Each structure stands twice: as C-alpha cells, then as structure tokens.
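This briefing goes through one protein model by topic. Keep the sequence and the 3D view open while reading.

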Amino acid sequence: MTDLPTKRARVRAEIETWGTILYLDVASESVGESELNVGIEECRKYFYFIDDVFSTYKAESEVSRLRAGKLNLSDSHPDLREVWAACEYAKAVSDGFFDPWCVEGGFDPSGYVKGWAADKAIAILKSHGAQNIQINCAGDLSLAGGFENGKPWNIGIRHPEEKHTIVKVFDIMDGAIATSGTYERGAHIKDPHTGLIALGARSATVYGPDGGLADALATALVVAGRDGAYLFMKPELAEYNCWVIDRHGDQAWSPR
Amino acid sequence: MKRALLIAGGTIGGLGAVLSITPPHFGSSTGIAGGIKTSGSTTPTTPTATTPTAAPTQSAAPTPAKTKKAKPAATNKATAATTAPAASGASGTFTGATSNTQFGPVQVQITVSNGKITAAKALQFPNRDFRSQSISSQAIPYLVQETIAASSSNIQGVGGASYTSQGWYDSLVSALAKAGMK
C-alpha cells in the first residue's frame with residue numbers, strides 16, 4: 001500500500017434487527033460516504049428481509065411456518081433452502097455437534113444465519129465500492145479488506161465472565177470470527193447427543209472464511225469442548241481454527 | 001487499575017498463566033500507557049480540553065501480529081506491579097460531546113484516575129420508546145465494559161460482546177480528548 005495520504009470515506013452505522021443491534025463499519029478510498037450509505041441502506045433492507053424469513057419469533061416467518069408444518073421446504077424461499085442445505089453440511093462436518101434440528105420446536109437455523117447473512121451483506125457493500133468492512137452481529141463478526149491501509153482488523157474477544165476484559169485479540173484481514181458461549185443469554189445451547197445443556201466449553205471462538213460455518217462451529221465447540229478439537233484436523237476445515245476456554249480448569253486451548 | 005493489573009498479571013478469573021492472555025497491544029510495559037498521556041496535566045476534575053498527545057495508536061500498536069506471543073506470566077506480573085501505580089496521567093471526570101445517532105443523542109462521561117478510565121457512564125442515551133429503552137439498558141453496561149477494555153487495547157471490534165455503538169464511540173473519543181488521553 002502507498003504511504004501517500006488518501007482520502008478515505010468511513011461510515012459507521014447501526015441496524016436494529018434480529019433482536020439485537022448490528023454494527024457496521026465501512027470504508028473506502030474509491031467511493032464517498034453517500035455511496036457507502038446507499039450500500040448500508042441496501043444491507044438494512046436485506047437484514048429486515050432475512051428477519052422476515054428466518055425469525056423464530058415471528059409466527060409468520062417462513063422458518064416458523066416450516067416448524068409448524070405449514071410450509072414445505074420445497075415451497076420455501078431459495079435463501080431458506082440454501083441455509084437448510086448449508087446447515088446439513090455444517091451438521092455433517094461437525095459430526096452432529098452442531099444440529100439445528102435438535103432444538104425444541106424444530107429446525108432453528110439461528111446459529112447459522114447471522115454469519116451467513118453477514119457474509120451476504122459484505123458482498124452487497126463491496127458492490128457499492130466498500131473496501132474495508134466490519135459487520136458485527138452481537139459479537140459475531142464478518143470482516144473484509146482489513147481496517148485500513150493493509151492493516152488487519154484487531155478484534156478483541158471478551159472474557160466469558162468478566163465482560164470488561166478482553167482475553168485475546170485476533171488480527172483478521174478477511175473472514176469471519178464467531179464466539180459462542182453460555183454467558184451472553186444464559187445457557188442457550190443444548191447438546192444434540194444428550195439433550196442436556198451443553199457443558200463442553202465456556203466460550204468458543206472460531207475463525208475462518210465462512211461466517212455461517214464459523215458460527216455453527218463455535219456453537220458445536222460449546223457442546224463438544226475438547227472432544228471437538230479433532231474436527232479442526234479435517235481437511236474440509238483446513239482454513240478454520242478455534243480458541244476455546246474450557247468449561248472447567250480455567251484453561252484455553254487451540255488445536256493448532 | 002484493577003483491570004490492567006488483572007490482565008498483565010494473567011490472573012483473570014484464574015484463567016491465568018495458561019492462557020496467552022496478553023492482548024497484542026499489551027505486549028510491552030508502555031502498552032498500558034501507550035494510549036494514555038502519562039506526563040501531562042494531572043489537574044483533577046478540570047474538564048478543560050487539553051491538547052491531545054501525539055497519535056496514541058503509534059505507540060500502542062507496534063506490529064500486532066508479533067505480539068500474539070504471550071509474555072511469561074511472571075514478567076507480566078512484575079511489569080504490572082511497577083508500571084500500573086507509576087502511571088500518572090490525567091485524573092478527573094470528563095464529559096464527551098453529544099453525538100446524535102439514529103436512535104437519539106448519546107453522551108458519555110468518563111472518570112479517569114491516573115490516566116486510566118475507571119468508570120464510564122451515559123449521561124444521555126436514546127429512550128424514545130420502550131423498545132429502545134430495553135436495548136439501551138442492555139447496551140449501556142456492555143458499552144461501559146468495552147470502553148474500559150478499549151482504553152488499553154487498540155481494537156476495532158469486540159467479539160463475544162453484544163453491542164458497540166458509534167454514538168458511544170464518538171462521544172467517548174471526545175471525552176478522551178478532554179482528558180488528554182487520545
């Protein structure tokens with residue numbers, strides 16, 4: 001990258017949806033703020049659309065109707081079918097530790113959709129000339145292009161209990177980083193194999209190219225704990241890595 | 001500050017020595033003070049804008065990739081013990097400018113002791129309707145925590161957290177400038 005000063009447009013925005021607030025940090029040297037804002041508006045509409053299709057809190061969403069048996073998968077929106085297939089893959093590659101079908105009330109892709117949709121939003125923003133992109137979905141991030149001038153995004157990972165403490169910082173140019181744990185919204189992850197509350201890890205962070213799969217694998221590791229380390233030896237997951245804080249013993253580990 | 005000591009000592013909740021807990025920008029003893037004016041005015045409770053020091057990120061961000069290696073816990077402990085009390089930056093309470101967000105105005109007030117943020121709170125936060133209110137009441141504690149974390153870590157995003165607000169960030173930067181810390 002050149003050392004010459006360049007005019008960089010940077011826009012930060014918040015989008016309230018999915019029961020939380022998404023935070024976007026978007027920059028470019030080739031287009032101005034107004035064009036970035038156009039891209040952000042397109043993302044906003046896209047996120048609302050995703051909520052309408054995938055929310056398990058909206059009775060009329062396609063996922064809710066699918067769960068209620070009022071909608072056939074074959075009649076559903078192509079995005080839902082895409083996510084369904086992606087979840088099947090994530091379940092297979094995680095050897096069942098991630099299982100969105102093993103949820104009370106039926107298929108719940110929430111653990112996959114956030115990262116998946118954030119990746120889509122990155123494509124939308126790029127099409128509007130954005131070069132440096134962060135999309136933070138309540139602690140799961142999709143990133144592109146680094147922060148600026150060839151420097152990566154420095155992403156801090158919060159301590160599972162001491163919320164004001166950053167326990168680890170990852171430097172990421174492009175890709176996704178997702179953290180799952182039982183600390184944010186109570187014990188919300190169940191072990192598909194036993195039906196009990198997952199006990200494998202207090203906090204699992206996964207980073208790799210695909211946001212949806214990173215989300216799913218982080219969830220899988222909260223279930224599996226150290227038993228899930230071998231997953232990252234699979235050739236399919238060669239581009240993924242994790243950093244996990246054990247449930248007990250106050251230790252963190254990484255498979256490589 | 002408690003947090004700084006905890007991190008540098010590697011004893012966070014007992015996670016401690018086994019973790020590579022040293023955040024990259026904490027790699028050197030100057031990392032703590034790197035984003036903080038250590039030799040400036042110490043006039044307490046004078047929220048007059050002081051001249052911001054030279055870009056703090058320059059000293060706070062030396063080649064992030066390298067610093068992933070954790071220092072031995074013992075070294076960190078020693079470092080923390082000597083540097084943390086010695087930090088003698090600004091002290092007092094500083095109020096940031098009001099930042100207008102789409103949800104309403106946000107204004108942050110920080111309390112600084114010896115150049116470190118010990119507390120941060122929202123003087124103004126959007127509460128136009130119930131929905132916003134419930135989000136705000138959830139968000140503020142996280143933001144306070146992230147603020148305190150960010151005061152010694154040069155990071156642009158927080159994973160595993162809930163919510164980071166631009167309005168909060170903007171007002172915080174202004175408060176930090178007043179404190180001569182940024």
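Which residue just after H4(A) takes a positive phi? A:Gly129 does, with a phi of about 95°.

This is a predicted model, in which local features need pLDDT of at least 70, side-chain atom pairs count only at pLDDT 80 or more, and totals for chains, interfaces and linings use all residues. Residues are numbered from 1 along each chain as its sequence is written, chains are lettered from A and ligands numbered from 1 in the order in which they are written, and side-chain values use heavy atoms, with hydrogens and water left out.

**The sheet of chain A**

- Helices (H or I, at least four residues) and strands (E, at least two) are DSSP runs, numbered from the N terminus.
- Eight strands of chain A form an open sheet in the order S1-S2-S3-S4-S7-S8-S9-S10, and their pairing is antiparallel; two strands pair if DSSP finds at least two bridges between them.
- At the edges are strand S1 (9-17) and strand S10 (252-253) of chain A, each of which pairs on one side only.
- Strand S3 (residues 132-137) and strand S4 (residues 140-144) of chain A run antiparallel and are joined by five bridges.
- In this pair, A:Cys137 stands opposite A:Asp140 in S4(A).

**Helices on the sheet**

- Helix H4 (residues 110-127) of chain A lies across strand S2 (20-28), S3 and S4 of chain A, at about 155° to S3(A). Axes are lines fitted to C-alpha atoms, for helices over the stretch in contact, and angles run from 0 to 180 degrees between N-to-C directions.
- Helix H5 (residues 211-224) of chain A also packs on the sheet, touching S4, strand S7 (175-181), strand S8 (201-208), strand S9 (241-246) and S10 of chain A. The direction of H5(A) makes about 25° with that of S7(A).
- The 18 residues of H4(A) should span 26 Å at 1.5 Å a residue, and the end C-alpha atoms are 26 Å apart, which agrees. The expected span is 1.5 Å times one less than the number of residues.
- Buried residues of H4(A) include A:Tyr112, A:Trp116, A:Ile122 and A:Leu125. Buried means under 20% relative accessible area, exposed over 50%, and partly exposed in between (1.4 Å probe, protein chains only).
- The buried residues of H4(A) pack against S2, helix H1 (33-54), helix H3 (78-93), S3, S4 and H5 of chain A.

**Core and cysteines**

- The largest nonpolar core has 65 residues, and among those touching the most other members are A:Leu24, A:Phe54 and A:Ile135. Such a core is a set of buried Ala, Val, Leu, Ile, Met, Phe, Trp, Tyr and Cys residues joined through side-chain atoms within 4.5 Å.
- H5(A) gives the most to this core, with 10 residues.
- A:Cys87 is buried at a relative accessible area of 0%, and A:Cys137 is buried at 1%.
- No disulfides are found over all chains; a disulfide is a pair of cysteine sulfur atoms within 2.5 Å.

**A:Val11**

- A:Val11 lies in strand S1 of chain A and is buried, with a relative accessible area of 8%.
- Leaving aside neighbours within four places in sequence, A:Val11 is in contact with residues including A:Leu24, A:Val26 and A:Leu36. Contact means heavy atoms within 4.5 Å.

**Chain B**

- Chain B has six helices and five strands.
- Of its 182 residues, 50% count as buried.
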